[in-house]
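Subject: Structure handover and salt bridges

Dear colleague,

I am passing on the structure below, together with some notes on its charged side-chain pairs. Please have it open while you read.

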Amino acid sequence: MVPDNFKPVSGANNVMVGMKAAVIGAGIGGIAAAVRLAAKGFAVTVYEKNPTPGGKVSELRSGGYRFDTGPSLFTLPGLTEDLFTLCGERMADTIPYRRLGVNCKYFFPEGGDFTFYHAREQLWAEMNRAAIADPESVFRRLDRAAEVYEMSAPVFLFSNFHRLSNFNTPPYRNIARKLHKLDFMRTMHGANRRDFTDARLIKIFDRYATYNGSDPYRAPATLNMISYLENNIGAFFPEKGMYSIVEGLYGLAKRQGVGFRFGEEVKRIITDGRKAVGVATDRGEERYDIIVSDVDVKYLARCLLDRHPLKKRLGRSRPSSSALIFYWQVEREYPQLELHNILFASDYKKEFDAIFKKDDISDDNTVYIFVSSKAVPGDAPRGCENWFVMINVPSDTGQEWDEIITRVRRNIIRKIDRTLSTDIEKHITGEHIASPLTIEHTTSSAGGALYGAASNSALSAFLRHPNVLGTMENLYFTGGSVHPGGGIPLCLASASIVCDEISAKTDGNG
């Protein structure tokens with residue numbers, strides 16, 4: 001659940017009529033920040049280099065098929081609901097969604113499968129069917145994940161812990177007394193190996209490191225709380241697909257008077273001493289009272305802002321993983337698949353070592369298959385399915401991607417054929433491909449990294465780029481490359497944090 005202290009900014013009593021705000025980037029974080037600022041009375045303009053909103057949350061239409069091209073899991077829908085409530089609307093009227101009964105279906109290299117149901121009764125029955133060793137360990141883990149989440153989320157996800165004054169608030173004092181429960185001195189895999197005797201469960205819970213582009217063999221065990229969002233609160237899905245979240249928020253922003261300038265790329269943030277005072281595009285310069293950046297911070301430090309104080313630190317940070325994605329038009333239905341599916345690699349550690357130690361891709365990869373037509377029948381023609389087939393890969397460092405794509409595609413098809421007893425190549429009638437190169441080109445994410453910096457150490461959360469710089473006034477940061485992290489829920493949280501900081505400053509309390 002969303003912590004009690006996470007509230008939408010109030011638009012009724014603190015309006016800033018006459019003040020202008022620019023938002024650079026129309027990703028989820030940028031649109032959410034624009035909505036919140038408009039609700040406070042700012043005149044908001046969003047600059048987006050692409051012709052459509054969404055950033056990494058996008059869609060592709062081809063030959064009667066529709067694909068969500070980015071994030072495919074919807075968690076913490078209350079954060080999206082807050083934006084509509086703030087504006088006096090109901091989210092259900094614009095973005096209807098439902099809780100999934102099946103969170104994910106897993107297929108193992110040694111054979112067999114396991115369906116992770118949301119309902120505990122069904123989950124218990126499935127664990128018995130699959131002969132999972134010590135099934136009680138799953139519920140113990142989920143209960144512990146809930147405790148860690150409830151304790152840590154107000155600090156690490158829903159507030160600006162770079163602001164020193166926050167350390168004297170109850171959530172911070174509470175977590176200081178219970179630091180040992182965060183388990184940040186062990187790795188995620190180390191904790192999972194201790195808590196589970198079944199190797200299949202270790203893999204299932206190790207995979208949550210990939211939710212922020214990290215390595216379970218190095219990421220802190222604190223990140224095991226991620227499983228709480230999907231398995232305790234639940235995995236959700238919009239009735240019209242993931243891109244309907246962007247469409248809904250874009251419409252909400254427009255109704256609040258937010259202006260969008262698509263196809264207009266910001267080339268420079270104009271500064272005056274230690275103040276950000278405007279933006280420059282090919283169409284000229286414009287002055288603003290507040291500037292919110294929703295672009296990758298490495299790109300911003302390199303291209304948009306002179307003398308970024310954290311530029312060297314950003315350059316040294318290890319990027320998160322990227323993705324290689326095949327969008328397949330499949331002229332057949334596969335009833336053995338669910339909406340979300342994982343085909344595990346035989347050697348999970350080898351796969352992550354290749355990504356994070358060698359900037360390479362192993363020959364046996366864990367494959368994620370997302371089939372949105374399972375939930376949105378109109379996303380594929382009758383009797384067909386739209387497959388989003390993804391593996392985790394390193395960010396771009398100059399690899400030979402054409403060769404890698406050919407090799408990886410061949411290996412993926414072999415794994416799918418073996419797992420599903422099929423000949424998938426015969427049923428693929430159309431294909432589109434996304435790689436770190438295309439991701440960087442369309443989103444300006446350095447190297448195509450999906451989540452900014454990886455969270456592969458106990459200090460990762462503290463080293464993540466803050467939402468505001470003490471050395472640059474009027475400039476704020478939202479989106480997946482800054483605190484608290486990547487993914488739709490955390491981008492929405494970053495937008496709320498930014499607007500709280502702006503409120504504190506403009507109300508005279510900063």
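The side chains of Glu-286 and Lys-20 form a salt bridge (a side-chain nitrogen of Lys or Arg within 4 Å of a carboxyl oxygen of Asp or Glu), with an N to O distance of 3.3 Å. This pair links distant parts of the chain, since Glu-286 sits in strand S12 (residues 284–287) and Lys-20 in strand S1 (residues 20–24), 266 residues apart; helices (H or I, at least four residues) and strands (E, at least two) are DSSP runs, numbered from the N terminus.

Please note that this is a predicted model, in which local features need pLDDT of at least 70 and side-chain atom pairs count only at pLDDT 80 or more, while totals for chains, interfaces and linings use all residues. Residues are numbered from 1 along each chain as its sequence is written, and side-chain values use heavy atoms, with hydrogens and water left out.

Glu-286 is partly exposed at 24% relative accessible area, and Lys-20 is partly exposed at 28%, where buried means under 20%, exposed over 50% and partly exposed in between (1.4 Å probe, protein chains only).

A second salt bridge joins Glu-285 and Arg-268 at 2.9 Å, N to O. Here Glu-285 in strand S12 and Arg-268 in strand S10 (residues 266–272) are 17 residues apart; Glu-285 is exposed, at 52%, whereas Arg-268 is partly exposed, at 34%. Salt bridges that share partners also join Lys-20, Arg-261, Glu-264, Arg-283 and Glu-286 into one network.

Across the whole structure, the search finds 33 salt bridges.

Best regards
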